[in-house]
Amino acid sequence: GAAQGNLQDMPLTDFFRVISIGRKTCKVSVSGPAGKAEIFFEQGSPVAAYTATERGREAFATVVTWTEGSFGMTIGETAPEHNLGRGLETLIMQGGF
C-alpha cells in the first residue's frame, strides 16, 4: 500500500523514523516548492537519495530541511544503487540532523 502525507503535518524526519521502526523497503517521493526528491529505504535503512541537482548524502541533507510540500511512499520499490553509506538510521532514530 501507499502512504501519503504533508510536510506541514509531519516532518520527513518523523516519517523516516516510522519507516525505520517498521523496517520497510520503499521509495519515498517528495514534491514541493523546493523541487522533487526520492529517498529509498531497504528494511528501514536509507540507502539512496536524489534531488534534481544532488545525490547521496547531500540530497538527503537537503530534503530533510524541506518544510513545505507533500510526500508519498511506494512499498517494495528498491533503489537503483546505494549512495548513502551507513549510519543515517542512527541519526534518524536520534533525530540528530
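I started with two phenylalanines, F16 and F41, and found both of them buried. A reminder to myself: this is a predicted model.

Next I looked up the aromatic pairs and counted four in the structure. I picked out F15 and F71, whose rings make a tilted pair, with 4.5 Å centre to centre and 35° between the planes. Where do F15 and F71 lie? I traced F15 to helix α1 (residues 12-22) and F71 to strand β5 (residues 70-75), so this pair ties together parts that are 56 residues apart in sequence. I checked accessibility too: F15 has 6% relative accessibility and so counts as buried. For F71 I got a relative accessible area of 4%, which is buried as well.

Back to F16 and F41: these two also form a tilted aromatic pair, at 5.1 Å centre to centre and 55° between the planes. I noted that F16 sits in helix α1 and F41 in strand β3, 25 residues apart, so the pair links distant parts of the chain.

Then I turned to the strands. β3 (residues 35-42) pairs with β4 in the antiparallel sense, and I counted six bridges. Across that pairing, I found F40 opposite A48 in β4.

Last entry: is strand β4 (residues 45-51) buried or exposed? I found seven of its seven residues buried, so β4 is largely enclosed by the rest of the structure.

Terms used:
Residues are numbered from 1 along each chain as its sequence is written. This is a predicted model: local features need pLDDT of at least 70, side-chain atom pairs count only at pLDDT 80 or more; totals for chains, interfaces and linings use all residues. Side-chain values use heavy atoms; hydrogens and water are left out. Buried means under 20% relative accessible area, exposed over 50%, partly exposed in between (1.4 Å probe, protein chains only). Helices (H or I, at least four residues) and strands (E, at least two) are DSSP runs, numbered from the N terminus. Two strands pair if DSSP finds at least two bridges between them. Rings of Phe, Tyr and Trp (its six-membered ring) pair if their centres lie within 6.5 Å; planes under 30 degrees apart count as stacked, over 60 as edge-to-face and the rest as tilted.
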